[in-house]
2 protein chains.
Amino acid sequence: MDNEEISVDQPRVFDARDFRKALGHFATGVTIVTTRGEDGAAIGMTANSFNSVSLDPPMVLWSLARSARSLPAFARASHWNVHVLACDQEALSNRFARAGEDKFAGLALDPCPSGMPLLPGCSARFQCRSAFQYEGGDHIIFVGEVIDYDRSAAPPLLYVTGQYAVAAHKCGPVAGAGADPDAAQTGPYSEDMLGYLLGRAHYQFMARFRPALAEMRLSDAEFFLLSLLSVRQPLGASEIAAHMAYTGVELTLDALQAACARGLLQVQAGGYSLTPAGNDAILHVLAAAKAVEADLGAGMGPVQATALRNLLKTLVSASDPGLPKLWP
Amino acid sequence: MDNEEISVDQPRVFDARDFRKALGHFATGVTIVTTRGEDGAAIGMTANSFNSVSLDPPMVLWSLARSARSLPAFARASHWNVHVLACDQEALSNRFARAGEDKFAGLALDPCPSGMPLLPGCSARFQCRSAFQYEGGDHIIFVGEVIDYDRSAAPPLLYVTGQYAVAAHKCGPVAGAGADPDAAQTGPYSEDMLGYLLGRAHYQFMARFRPALAEMRLSDAEFFLLSLLSVRQPLGASEIAAHMAYTGVELTLDALQAACARGLLQVQAGGYSLTPAGNDAILHVLAAAKAVEADLGAGMGPVQATALRNLLKTLVSASDPGLPKLWP
C-alpha cells in the first residue's frame, strides 16, 4: 500500500455545500450532548454525528468541531450526556443548534448522578464517562463509556438530506421511487397505486365508524356537512358548497332543508349552523372516529401513525385545489 | 474530575438486548463498506456505524467489531469505499450483513481509481483513503479521508428501532405521537385527525382526475366497479358487492344492468366482465389517475411518495375488514 500512485490519493477539490449534501444522504437521528463547564454552567449542543461503537464495554461516540465554543469544556469534562431526541423535540434541536442564547433557560432537568444536565422527554438517553478523544480533521471525536441509559416510547426525530423527518417503516416490498409502480404487476391497476391506496385507506377508515353514522342516521354527505359546521359556522349554502365540492358529493338545497327539518341544522342570519341535536350527533360520530384512530394508531405503532399524518399533510398541501381555509 | 465517587463511574450491568434497543432509537442510514484483501478478493459488509467527521479535510468514520472476519483486511487496507444504500437496496443490505456466502457474486461493479469494489445504485458513495484506526472497546473505529464521492436522487434506506424504514419529512408542526392530536386546536374536529387527512387526501386526489371520469360519464360507483373488474373478472353480483361494501357505495342490480345497457359490462357464464368499451373507459381513467400520481409524486418528492405508499399499505393492512383478496 506504499505504492499507490499519487493521483489516487489526491482528493479532488470538493464543493463544500455539495459534499455536505452527499453526507446528508446518510440519515441520522438528532442528539443534544450536554456537560458542565468548570464553573458548573450547563453546556449543550445539537449533534447528529453520534453513533454506537461498542457493546462490551458499552461505548458511543460523537464529533465536535475544533472551532466550537464548547470544545474546551467538553475536552475537560469527565462526563457528558447524549439525548436522542423524540420527533416532537424539533424546537429543542433548533434551540441547541444556535449559539449565543441561554439554551437551558426555562428547561427542567432530570436528576443525574454525574451532575451533568439531563433533559426530559427524549427518545433515549445515554449517560457517559468520557473515555477517549481522537483527532478527526477539523473535528475531535469523543468516545464515551455508557454508565447508564434509558429509553422511552417516543418515536425518534430524524435528520435526512438536510430536513427533519420521522421514520416510515417498510411494509412488505415497496417499489423504488424511480421504479414504475406497475412493474411488479401486470394489469393497468396496481395495488401500489397511490390513488388506490388512498381510497382503500379512506373507505376502510370510514367503514370502521359507519356504525356510528348509521346510529345517528347520517349519510356520508350529512357527515361531511356536520363536520364542516363543527369547525366553522354559520356558513351560507354557497360557502358550504365551496368547501365540499372537491369530495364530489353534491349537497343540494333540498338536502340542507331536509337536515333542518330533521332538527340537525338551523338557519340564522349568517347562514346554516348546528342545532344542539346536530352538535350532539357530530360529537358522537367524531368520538367514534377518534376511537378508530386510536385503535389503528395502536395497530400501526405511534411512529408510523405520526409519519402517516405528516405525509398526508404533505399530500393534502401538494394536491390542494385551493380550498377555502377551514381552521383558523 | 479526579474526585468522582466510584459509584458514579461504576456502570450498572446492562441487558445487552435492551441496550441495543436503546441504541436503535438513534436512527441511521445503512451502508456497505468494501475493500480488497491482500489477495485482491473483494470484501464487504453492512454497517450502520458510519458518520461524517470532518469537512476540511473531508473525513468520515465507521466502526468494525474486533471479532469480525474482515477486520484484518480492513486494518491493512489502504482504501475503502462507503456506500450509503438507497431505499430499494434492502436485499443488498441483508446480503452483506450475512457471513459466509460470496457476497459479490453476480454484482456488477463500477470502475474505481483505488481499485476497491464500488457498487452501483446507491444513494451516495464515499471513496476513502484509510487515515486513522482508533480503539473503541470491542470495535475498531476507522477514520478515512474522502478522496471522491457521488450522490444520486435515490432516497436513502433507513434503520430505526431495529427495522428498515424510509424518511417521512415533516410538513409543518406535527403533534407528538403521545400527544392528544387535538391539543393544539379547540374544536372536536382537528386537522391532525387521521380520518380527516385520509378523506381530504382521497377526495383531492379523486378531484384531480374527476374530469376524466366526467369525460367517460362514469359515476364514482361505476369507476369503482370498472376498476375492480379490470383486476379480476368475471365476478358475480354478490362477489362485486363483497369487494365494494367497505366503500359504503351500494351497487344495485339495477346499476349493474344499467352498466350493461351502456355497453360497459357484459354478462358471461361466470358473471360480469368488461366489454372492450368498458375496458377502454377504465384504461382512460386509470391513465389520468397515474398522471395525477406522477404529478403529486413530483410535488412531494420521491422519498415522500415512497414513504406514503408504504404507510398507507401499513394502514390498509391494519384496518382491513377482511376483504376478499383482489390481486393474485
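A residue is buried if 20 or more other C-beta atoms lie within 10 Å of its own, exposed if 12 or fewer, and partly exposed in between, with C-beta atoms placed from the backbone. With 21 C-beta neighbours inside 10 Å, Thr161(B) therefore counts as buried. The model above is predicted, so local features need pLDDT of at least 70 and side-chain atom pairs count only at pLDDT 80 or more, while totals for chains, interfaces and linings use all residues. Residues are numbered from 1 along each chain as its sequence is written, and chains are lettered from A and ligands numbered from 1 in the order in which they are written. Here is a friendly tour, topic by topic.

**Chain A overall**

- Chain A has ten helices and twelve strands; helices (H or I, at least four residues) and strands (E, at least two) are DSSP runs, numbered from the N terminus.
- The radius of gyration of chain A is 27 Å, well over the 20 Å that the globule rule gives for 328 residues, so chain A is more spread out than a compact globule. The radius is taken over C-alpha atoms, and the rule is 2.2 Å times the number of residues to the power 0.38.
- Along its principal axes, the C-alpha trace of chain A spans about 85 × 55 × 35 Å.
- Of the 328 residues of chain A, 49% count as buried.
- Chain A is divided into domain 1 (12-165) and domain 2 (194-318), with bounds that come from an automatic or database domain assignment. The centres of these two domains, taken over C-alpha atoms, are separated by 44 Å.
- Among contacts in chain A between residues at least 6 apart in sequence, 64% join residues at least 24 apart. Two residues are in contact if their C-beta atoms, placed from the backbone, lie within 7 Å.

**How the two chains meet**

- Strand 10 (residues 163-169) of chain A pairs with strand 10 (residues 163-169) of chain B in the antiparallel sense over five bridges; strands pair if DSSP finds at least two bridges between them. In this pairing, Ala165(A) stands opposite His169(B).
- A rotation of 180° with 0.0 Å of shift along its axis superposes chain A on chain B, with an RMSD of 0.3 Å. That is the relation of a two-fold axis. The superposition is by least squares on the C-alpha atoms of residues with pLDDT of at least 70 in both copies.
- Because 99% of the interface residues of chain A are also interface residues in chain B, the copies meet through the same surface.

**Strand 8 of chain B and its partners**

- Strand 8 (residues 139-151) of chain B is mostly covered, with eleven of its 13 residues buried.
- Strand 5 (residues 58-65) of chain B pairs with strand 8 in the antiparallel sense over seven bridges, and Trp62(B) stands opposite Phe142(B).
- Strand 7 (residues 124-136) of chain B also runs antiparallel to strand 8, joined by twelve bridges. Here the bridge partner of Gln133(B) is Phe142(B).
- The hairpin of strands 7 and 8 of chain B has two residues between the strands, and Gly137(B) takes a positive phi near 65° there.

**A buried asparagine**

- Asn81(B) lies in strand 6 (residues 79-84) of chain B and is buried, with 27 other C-beta atoms within 10 Å.
- Asn81(B) and Val33(B) are 48 residues apart in sequence and 5.5 Å apart in space, C-alpha to C-alpha.
- Not counting residues up to four places away in sequence, Asn81(B) touches several residues, including Thr34(B), Cys112(B) and Arg125(B).

**Backbone features to look at**

- Most residues other than glycine have a negative phi, and most peptide bonds are trans.
- The peptide bond from Asp56(A) to Pro57(A) is cis, with omega near 0°; Pro57(A) is in the loop between strand 4 (51-54) and strand 5 (59-65) of chain A.
- Thr161(B) has a positive phi near 45° and lies in the loop between strand 9 (158-160) and strand 10 of chain B.
- Arg217(B) has a positive phi near 55° and counts as exposed, with 10 C-beta neighbours inside 10 Å.
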